[in-house]
Amino acid sequence: MPQSLPAKASAVIIGGGVTGASVAYHLARLGWQDVVLLERRQFACGTTWHAAGLIGTMRANESHARLCEYSMSLLDELERETGQSTGFRQVGSLNIAHGADRFEELKRVASMNNAFGVTRVDMVTVEEIADLFPLIDTTGLLGGSYIAQDGKGSPIDVTNAFIKGARQRGALCLEGVTVTGVESSAGRVTGVVTESGHIATDFVVNASGMWARALGKLSGVDIPLHAAEHYYAVTEKDEAFHPDLPVLRDYDKCAYYREDAGSLLVGAFEKNALAWGMDGIPAEFCFDELTGHVEQQFYPVLEDAMVRVPKLQEIGWRKFFCGPESFTPDDQFHVGEAPELRGYFVACGLNSVGIQTSGGLGKACAEWMHLGHAPLDLWSNDIRRMYPFMSNERFIRERVTETLGLLYDNHYPFKQFETARDVRHSPIHERLVAHRACFGQVAGWERPNWFAPEGVEPRYEYSFGKQNWFEYSAAEHRAAREGVVLFDQSSFSKYLVAGREACASLQRICSADVDVAPGKVVYTHWLNERGGIEADLTVTRIAEDEYWVVSGAAVTRKDIDWLKRHIDPDAHCHVTDITAAWAVFGVMGPGSREMLQPLVDVKLDNDDFAFGTARSIEIGYARARALRVSFVGELGFELYVPVDMARHVFDLLMEHGGGHDLKLAGLHALDSCRLEKKFLHFGHDIGDEDTPLEAGAGFVCAMDKAVPFIGRDAIARQRESRTHMRKRLVQFLLDDPQEMLYHHEPIIRDGDIVGHLTSGNFGHTLGASVGLGYVRAEEDITAEAIASSRWEIDVAGRRVGATASLKAMYDPAGKRARR
């Protein structure tokens, strides 16, 4: 019989795998009393037990690198604290490259990780690969990368160490307790119901792995993930497989290798995986294996492995294994508080990196609960990035067949998902198809990234250099700078904030002063109490009691959640998501006014329609709203058109625009234009750890308005202390026009790494790649200090000279958009 349940708990963690055990340990470590961890069968019996136990620290962004580095460093501490072995052995990890693109990617990832300052990644020659992994046949290899501090561990032992540590700190960790539901009242968690009784609590953590989606559904919480078949095989023991053999990853052949108790374990991340558990995960599942499709899915990988490691051709195989692993729609794990239910946290969907992430993820989730906010920038993992449709069975089942293999695929810039597409369409989608748009997907939206000329197939050909669409997007960029273009921006998130207290509510949330006359458009940030940026958007006052808020396509749920959290529930202020009601056409460029004027019933000159204002217009048969704003840095108008009239207005614009050489432009051109203007992109250039002062956008902070905004005190303190002068967003222009910037390339000042880029693209007007990135220094970073320094950007290990500037190198005074 299981131990009796307590009547109440400070937090209940559901799921006794390595992630749930880590959350329990870290909550107890923070001093939380009466923490309860519930496991339906036995600890680690779901997917944790059969993990390969790879522990690496080289990651695709700084936050993940820090989480993994903490996870690894914690293992020795856990052993000392609990006396429980974790099986951790620091043997290093080795990544090899067959082709030029893979080698370029390894170089770029090595450079970015070295810039993070968390782990050291060394590039190695073919000869050094052979020395590090003597069993390998190096035929056809170009080189590789090596991380000496990486290693391997025992998943079950790591889990048991967390359990023991949590218990020593007062947590109650129970097996054999099945949760049947989470209770709530007034939108907040109030308790957990199990087959063994009820526990009152204000906090629940869904760490139930491949069961998380089904468990969340019981409470109306969407957690998109799905199980997929995952394979590995274990050889017979042989003295050639010594314990200090480094972990080997052969991404091009979808394989990894690690020594395992005198044997060699060979695992696969094949390109076309198979989903599992479509009818639900069996209730009795406990340390189970799957029959799988070994010949179909695993044998091709194993055949390649026998060529790369010839020893495998002469040794027997002790075990062929297939087990389930859960994957998410974007290959990023889930963490954070669910927007549907206060006090309901998630920590799941680890995409086969659970062991190496477990310590950091458990710590981050626990601190998020403790502090009330994420302890570091985790927007790429925040559960609010997901949309409800992504949890639909068909969508997530189709997507995970791709995301498993993407872990080892080339991570090309602009690479698009191929599965679960055509979910959300602009009302003019078919028109864009007819004009040969090549689409990318964001938040399910199919958005035109570039347009192919007549006779060219609109399809990506990926590389780390100038891709096949480079010249087509360059022409769109130049048309935006010199003529007139039309962007379909219908995927913008749009919210109506209305009510007698709408102004007062937004004044507190917005850093800028939005108590303006109707018809005024205000660019603003939403800040947290620490002064970090939670949103980057425009607010347009439509009437005394009505505002339109326009934001990015990917942040709808985050923005609405932020509004609901910070609008007084008793205030007469209501928020409505109107995204799907309005199409948005950005008519941009020096020729936009001349082209539009004959089509609308209002004058578009500066005196009648100034920059930063909005007006209701008639265009064709439609009533619409025009905003004079621009994300490209040129004269332009955003036209908001009811969706039922969008095709009519689009056709009218295209027909009339022919006489003005109107061109359709995609979002790649929009991005290259905004980078030249040093305009910010939320999630890349700014986030909740960056302040407007650091980003060079201090003008959005109305420090003297009557209603103090959230974060005002933090901004005031930063201004007084001048700490923002030692972390500043700088624009860079490469000297060599052949090199391409994307993001995370190291910034080098006088020979030393001082930061990394947050975003990059080719600036077709400036004539070379442009990047934005934060520079950090012990002294004030002034224009004079920048001018007197020598700047380089590390592009895949190549140090490329660059010009640096605090101001935009293109139209720094912003005159072109206001002319």
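## Helix H10

The buried residues of H10 are covered by elements including helix H6 (212-218), strand E13 (226-235), strand E17 (317-327) and strand E20 (437-442). Here cover rests on contact, meaning heavy atoms within 4.5 Å. Helices (H or I, at least four residues) and strands (E, at least two) are DSSP runs numbered from the N terminus. This is a predicted model, in which local features need pLDDT of at least 70 and side-chain atom pairs count only at pLDDT 80 or more, while totals for chains, interfaces and linings use all residues. Residues are numbered from 1 along each chain as its sequence is written, and side-chain values use heavy atoms, with hydrogens and water left out.

H10 itself runs over residues 393-406. Its 14 residues reach 20 Å from the first C-alpha to the last, close to the 20 Å expected at 1.5 Å a residue; the expected span is 1.5 Å times one less than the number of residues. A kink of about 35 degrees is centred on Val400, where the bend at a residue is the angle between axes fitted to the seven residues ending there and the seven starting there. Val400 is also among the buried residues of H10, with Phe395, Ile396, Arg399, Glu402, Thr403, Leu404, Gly405 and Leu406. Buried means under 20% relative accessible area, exposed over 50%, and partly exposed in between (1.4 Å probe, protein chains only).

## Helix H17

Helix H17 (residues 667-676) is largely enclosed by the rest of the structure, because 10 of its 10 residues are buried. These are Leu667, His668, Ala669, Leu670, Asp671, Ser672, Cys673, Arg674, Leu675 and Glu676. Their cover includes E21, helix H12 (470-482), strand E22 (485-488), strand E33 (727-734), strand E35 (752-763) and strand E36 (768-776).

Just after H17, Lys678 takes a positive phi of about 60 degrees. Lys678 belongs to the loop between H17 and helix H18 (712-721), and is buried at a relative accessible area of 13%.

Ala420 is another residue other than glycine with a positive phi, here near 50 degrees. The loop that holds Ala420 lies between H10 and helix H11 (429-434). Ala420 counts as buried, at 9% relative accessibility.

## Second largest pocket

The second largest pocket has a volume of about 460 Å³. Of the 27 residues that line this pocket, the closest to its centre are Gly372, His373, Arg384, Glu534 and Trp562. Helix H14 (residues 556-566) gives the most to the lining, with 5 residues.

On a 1 Å grid over the protein atoms alone, a pocket is an open set of points with protein on both sides within 12 Å along at least five of seven lines, a cavity is a set where a 1.4 Å probe fits but cannot get out, and lining residues have an atom within 4 Å of a point. Grid points are joined across faces, edges and corners, and a volume is the space filled by probe spheres set on the points. By class, the pocket lining has 9 nonpolar, 6 polar and 12 charged residues. Ala, Val, Leu, Ile, Met, Phe, Trp, Tyr, Cys and Pro count as nonpolar, Asp, Glu, Lys and Arg as charged, and the others, Gly among them, as polar.

## Cavities

The count comes to 2 cavities of 30 Å³ or more. The largest cavity has a volume of about 60 Å³ and is lined by Phe414, Gly465, Lys466, Gln467, Trp469, Phe470, Met740, Tyr742, Asn761, Phe762 and His764. This lining divides into 6 nonpolar, 4 polar and 1 charged.

The second largest cavity holds about 40 Å³ of space. Its lining consists of Ser426, Trp445, Glu446, Arg447, Pro448, Asp488, Ser490 and Ser491, or 2 nonpolar, 3 polar and 3 charged residues. Strand E21 (residues 445-451) gives the most to this lining, with 4 residues. E21 is also among the elements that cover the buried residues of H17.

Ile533 lies in strand E25 (residues 533-543) and is buried, with a relative accessible area of 0%. Leaving aside neighbours within four places in sequence, Ile533 is in contact with His525, Trp526, Leu527, Phe682, Ile686, Gly687, Asp688, Asp690, Thr691 and Pro692. Ile533 and Thr691 are 158 residues apart in sequence and 5.8 Å apart in space, C-alpha to C-alpha.

Ala785, in helix H19 (residues 783-787), is buried at a relative accessible area of 13%. With neighbours within four places again left aside, Ala785 is in contact with Arg749 and Asp780. The C-alpha atoms of Ala785 and Ala796 are separated by 27 Å, at 11 residues apart along the chain.
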